[in-house]
Each structure stands twice: as C-alpha cells, then as structure tokens.
Amino acid sequence: MTATETPTRRITTAKAMAEAIGLEMRRDPNVFVMGEDVGAYGGIFGSTTDLFAEFGADRVIDTPISETAFIGAGIGAAVEGMRPVVELMFIDFYGVCMDQITNHMAKIHYESGGAVTVPMVLMAATGAGYSDAAQHSQCLWGTFAHLPGIKVVVPSNPYDAKGLMAAAIRDDNPVLYLFHKGAQGLVWMEKNPRSIAAVPEEAFTVPIGEAAVAREGTDVTIVTLSLSVQHSLDVAEQLAADGISVEVVDLRSLVPLDRDTVLESVAKTGRLLVVDEDYKSFGLTGEIAAIVAETDPTMLTKPLMRLAVPDVPIPYARTLEYGILPTREKIATAVENLMS
Amino acid sequence: MQQLNRLDLYREMVRIRQYESRILQEYHADKKPAWDIGAGLIPGEMHLSAGQEPAAVGVCAHLKQGDAITAPHRPHHFALAHGVDMKAMTAEIYGRTTGLCQGKGGHMHLFDPENHFSCSGIIAQGYPVACGQAMAMKRKGTDNVAVAVAGEGAANQGAFHESLNLAAVWNLPVVFVIEDNDWAISVPRSHSTATASNADRAAGYGMPGVRVEENDVEAIFEAAGAAIDRARAGEGPSLLEIHTLRLWGHFEGDAQAYRGAELDTVDERDPIPRYAAKLVELGELTEDQTESIAAEAAAEVDAAIAFAVDSPIPAPEDALLHVFA
C-alpha cells in the first residue's frame with residue numbers, strides 16, 4: 001500500500017443503510033426516522049443500527065404497532081417539509097397500512113396537480129429463504145411498482161444500499177426502499193459474501209432509475225434484482241469455467257425502470273433470462289419480457305425464460321420453500337437451457 | 001362456570017412449559033456454531049410462550065367442543081391448552097407431511113379446524129376472524145364462543161378497535177383476550193399505549209373490560225369464566241387483559257439488551273413454581289405428584305418430538321398444492 005491509498009472498509013448492507021441515514025440526518029435536520037424497534041434495538045434487520053445512540057429518541061422514534069398511523073404520520077410530516085424515513089418491518093405487513101401507502105403517499109402529488117410533494121422514504125424488509133413462511137417472506141416489489149406514484153428501489157449490495165438510501169432521502173417523491181433480509185449481512189442468517197463489501201465512508205448517491213451491469217458477458221443476459229443478483233453473479237462465475245459468458249443486469253430501481261440498459265444487454269447477447277423472487281404472474285418478469293417484445297422481439301435468438309416464484313404463497317418447510325425459490329441451481333439450469 | 005380444579009390447571013401449565021422448554025432446546029441444538037435462523041430441524045422464527053401459560057390455561061379451562069380460538073404469532077400455549085394434537089402440531093413445527101398443515105404453515109400458522117384453532121403471524125388480525133366465527137356460531141344457534149388472543153402491542157392496531165366495535169354492535173359471543181407481557185418486541189408498553197389498562201378501552205365500545213394484574217392462573221380463571229359465561233349466555237362480548245410475563249425473548253435469538261434490569265428478576269416472577277408452592281401450601285400437591293406430573297409431561301413431549309423427527313419431509317413439488325380448493 002502506498003501512502004496515497006486509503007484502505008476502504010468493508011461493511012454489511014445493513015450498516016451501509018444505517019450509515020447513509022445517519023449522514024443525511026447530520027446534513028439535514030428535517031430527516032428523522034420512525035418505525036417499530038428502530039430505536040435502541042436498531043431495527044430488526046439492522047437498518048437503523050447505532051442511529052439511536054447518536055440522534056436520540058427525538059429523531060429515531062419507536063412507534064406503537066400502528067402502521068396506518070405512523071406511515072400516515074410520515075406522509076403528514078413530509079407534506080409539511082420534513083424528510084421522514086419510515087420503516088415497515090416486513091413488506092408483508094403492507095396489508096394493514098395499504099390505504100396510506102397507495103391512496104395517500106402515492107397519489108397526493110398527482111391529485112394536487114403537483115402542488116404538494118411527499119418527500120418520504122418507506123423502507124421495508126423483503127424476501128424468503130429462512131423458513132419464515134407465508135406472511136413474512138414475500139418480495140411484493142411488483143405490487144408496488146404496479147401502482148403509479150411510488151419510486152421503488154431494490155439494492156443488492158452494500159454500496160448501492162448506501163447510495164440509493166441517500167438518493168431516496170434527497171428525492172422529492174415517495175420512495176419505497178426494499179431491502180432483502182438475506183442480503184443484509186446479518187450475523188444470524190446465512191449470507192452470501194457479497195453482502196459485505198467496500199463502501200466509501202463519505203456520503204454519496206446512486207441515482208434512482210439506473211440499472212447496473214454487475215458483470216459483463218456475451219452469451220446470456222440475466223436481468224434481476226436484490227438477492228437474486230448475488231445468486232446470479234455466483235452462477236455467472238461458475239458457468240464461466242464452462243465457457244458460458246453471462247451478463248448480469250442489476251435493475252436496482254423498478255420505478256423508474258432503466259429500459260435502455262436491459263435492451264442494450266439483450267441486443268448484445270440475444271438470450272434473456274429474467275430472475276425474480278417475487279410471484280411470477282403479472283409481475284416483473286412479464287414486464288421485462290414485454291419491454292423486449294415491444295421494442296424488437298427479433299433481438300432474441302432464443303425464446304426468453306422467466307424464473308420466478310410460481311404463483312403460490314411462500315411455504316414453511318425448507319424443501320417446499322426451496323422448491324419454489326429461484327436458487328443458484330435453477331438459475332444455472334435455466335442458463336444452460338438457453339445455451340443448448 | 002367451570003369448577004376450579006387446581007391440579008388440572010397446574011398440570012396443564014407444566015405440560016406447556018415442558019413443551020416450550022424442549023422446543024427451545026431442540027431449536028437451538030443444531031444452529032451451532034454459527035447461529036443461523038434458517039438452519040436446523042426447526043428453522044425460521046420461533047416465538048415461545050414460557051411465562052404466559054396462566055393466560056392460556058386459565059382461559060381454555062372454560063372452553064368446550066366447538067369453541068374457537070384465534071391466536072397470534074406466539075401460539076403454542078393456547079394451541080395446547082385448547083386441545084390441539086401435540087404430535088401433529090410438533091410435526092408442523094418440524095415442517096413434516098404429518099403436520100397440521102403438511103409443512104406449509106410452520107409455527108406461526110397452525111390450523112386445526114377440528115378444534116376451531118388458528119393463528120396468524122400478523123398481529124391483531126385474529127380479532128376480526130374470531131368475530132366471524134362467533135357470527136357463525138350465533139347464526140347456527142349454538143352456545144359456542146370465540147376467543148381472540150393478541151398481545152398488548154396489537155391493541156394499537158385498527159383491526160383491534162374495529163373488531164371490538166363490530167362485536168359489540170352485533171352482540172357477538174366473543175371474548176377478546178390481551179396478553180400484556182410488557183414488551184412489543186423491544187418497545188415497552190409505556191412507549192406505545194396511552195392508557196394504563198387496555199380494559200379501560202372496552203368502555204368505548206360498550207362492553208365490560210377487566211384487567212387481571214397478577215399472572216395468576218386462578219385469577220385469570222375467574223375473570224375468563226365470567227367473560228366466557230357472558231358470551232355463552234348471549235349477553236355479548238367482553239375484553240380481558242392479562243398482565244403476564246415474557247420469560248424469554250420476543251423470538252429465539254433475541255438478546256433482549258433492551259430489557260435491562262427488568263430481565264434480572266424474570267425467574268423469580270415465573271408463575272409456575274409460584275403456583276406449585278401455593279398448591280403445596282394448600283396441601284393439594286405433594287412432592288411426588290410434582291415429579292410425576294413433570295415426568296408425564298416430559299414423556300408426552302418426547303413422544304411428540306420423536307413422531308415429528310421420524311415423519312417424512314415434504315417433496316419440493318408439493319409446494320404447488322393447496323393454492324385453491
């Protein structure tokens with residue numbers, strides 16, 4: 001190491017989220033956090049780690065279990081010029097507060113003819129893989145991306161987690177920030193090494209609406225997001241040894257969706273696999289397929305493939321759960337099928 | 001009202017504690033050395049009810065065939081006290097084909113239609129369902145009742161308040177039970193709830209509200225009996241808040257640092273040894289009986305765990321079954 005090099009510390013996705021929130025709270029007194037167990041506990045999935053110690057109960061607020069009330073309160077504070085970061089513990093809990101999310105948070109700007117803005121972040125844990133069963137394992141990002149008026153970001157790694165959180169807080173629109181429990185780097189859950197990575201200490205943003213080519217390749221494009229990016233990168237490394245060159249596109253944002261990056265990659269490889277941990281029908285995989293079909297179906301040299309959760313709730317038993325999740329094995333098989 | 005049978009109440013509490021203690025042990029046994037919530041024979045979240053046995057036993061002592069319970073994410077004590085088959089429930093917790101739900105549900109989603117028992121991982125959401133079960137009972141002309149159970153944190157959910165009003169305005173045979181164990185995960189009651197007692201809220205919905213301050217099975221038995229008899233007689237719903245004790249974490253793996261000094265005294269507040277001491281003092285329990293009751297419970301739990309462990313693991317493709325009837 002030379003004197004000019006700075007060692008870059010490696011942190012978890014959870015820590016990266018909390019760090020971004022803390023930096024924004026320091027630079028903007030209008031930023032505050034509220035949700036269940038976000039205070040001394042630091043968020044059930046670590047998204048507010050250490051914030052309570054620095055900012056106290058006045059800016060890091062534990063709420064009653066009253067999601068309609070505290071998400072609605074986030075909206076109210078936002079329309080008055082604050083920048084609340086509100087946590088819904090699991091996205092599966094959307095059922096008890098959906099009216100505030102979709103009829104208020106998402107629509108106020110439009111309904112008011114642009115007169116009122118709602119600059120809030122709603123963050124929530126998503127995802128399966130540890131037998132939390134049907135009510136605590138869903139992704140549901142397709143549901144929210146379907147509803148006009150909410151930006152939806154879905155980071156897959158610590159760097160993007162930090163940059164997208166800062167961008168979300170600074171955005172003048174409501175942003176739904178969905179983090180996958182299995183990509184948080186939690187000590188108490190199995191994790192991919194990609195959940196811990198080098199992240200600059202200073203504040204930075206990752207623009208909302210820009211996908212990333214997480215790995216370049218020439219034979220097959222995998223379009224995916226969140227934890228499935230980590231799985232897809234693992235598969236790409238493994239298949240490279242067999243001479244298959246996989247390009248992995250990490251969408252990072254669903255709303256706005258970076259169509260150009262998807263189309264450029266598919267135009268290059270001619271083969272497309274869309275991997276999604278959300279339900280299959282009426283969702284992201286169909287949306288990506290439609291974009292390709294609308295633009296130029298002849299860019300595909302083979303029919304595209306979709307790998308998503310078949311249309312069943314997430315079951316409890318491990319064999320059943322992994323029977324429906326987009327695992328590395330299923331991703332690899334799908335790529336091999338596209339190449340055959 | 002049911003006759004008070006102290007030994008039965010004690011026996012049932014010991015049975016539940018034995019169950020929770022063994023599940024605790026088995027749950028952690030194969031999550032070492034790196035503790036991974038998704039690993040082992042029992043994966044996933046685990047919310048155990050140790051310390052809250054008096055609530056389930058005191059309430060369920062009054063229930064009969066056809067009565068319903070909707071329990072929350074911490075359901076084992078109410079399931080066992082209400083007569084859910086221990087073997088089938090354990091097999092479900094182990095994710096086996098012989099389980100109550102063939103491995104689909106897991107510990108937060110136990111369904112036993114024969115005993116009209118269900119639970120949900122979404123807090124307070126059992127309250128409306130209990131109202132519907134009570135509606136059905138009333139329309140069918142039975143004298144059955146539905147019992148809805150939730151924690152004190154759930155009493156700040158819309159579903160809680162909507163259900164109380166609905167049950168009162170329709171005069172439904174429901175008993176709403178709140179287990180106040182002082183903690184909504186890490187949030188103490190004082191930070192979440194504007195009233196000192198949720199029983200006070202009952203007045204706002206025109207129904208009786210009682211808070212049992214002590215985690216004492218006999219006091220709970222008395223209060224629950226009055227509420228259940230009232231519902232059975234067609235006199236409408238009641239609210240019963242029970243101040244109980246979460247002996248262990250919110251879920252297994254919860255370090256509970258937020259509990260501070262309060263945690264130091266939990267063992268001395270354990271309701272079961274306290275009740276045993278009372279029964280011994282009353283001359284209704286001998287040391288030999290204490291041992292035989294514990295041994296009996298241990299044998300039953302051992303058999304249930306053995307049944308679960310020996311049961312088949314579901315085939316992956318079975319995940320596609322049961323979406324529709």
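The structure is a predicted model, in which local features need pLDDT of at least 70 and side-chain atom pairs count only at pLDDT 80 or more, while totals for chains, interfaces and linings use all residues. Residues are numbered from 1 along each chain as its sequence is written, and chains are lettered from A in the order in which they are written.

**The interface**

- Counting contact as heavy atoms within 4.5 Å, the interface takes 45 residues from chain B and 36 residues from chain A.
- The area buried between the two chains, meaning the accessible area (1.4 Å probe) that they lose on being put together, summed over both, is about 3000 Å², and carbon and sulfur atoms give 62% of that area.
- The side of chain B that touches chain A has 22 nonpolar, 17 polar and six charged residues, where Asp, Glu, Lys and Arg count as charged and Gly is among the polar ones.

**The cavities**

- A cavity is a set of points on a 1 Å grid over the protein atoms alone where a 1.4 Å probe fits but cannot get out, and its lining residues have an atom within 4 Å of a point; the search of the whole structure finds two cavities of 30 Å³ or more.
- The largest cavity holds about 530 Å³ of space, and among its 41 lining residues A:Ile65, B:His73, B:Ile123, B:Ile185 and B:His250 lie nearest its centre.
- The second largest cavity has a volume of about 60 Å³.

Terms used
Heavy atoms only, no water. 1 Å grid on protein atoms, 1.4 Å probe; cavity = no way out; pocket = protein on both sides within 12 Å on 5 of 7 lines; lining within 4 Å. Points joined across faces, edges and corners; volume = space filled by probe spheres on them.
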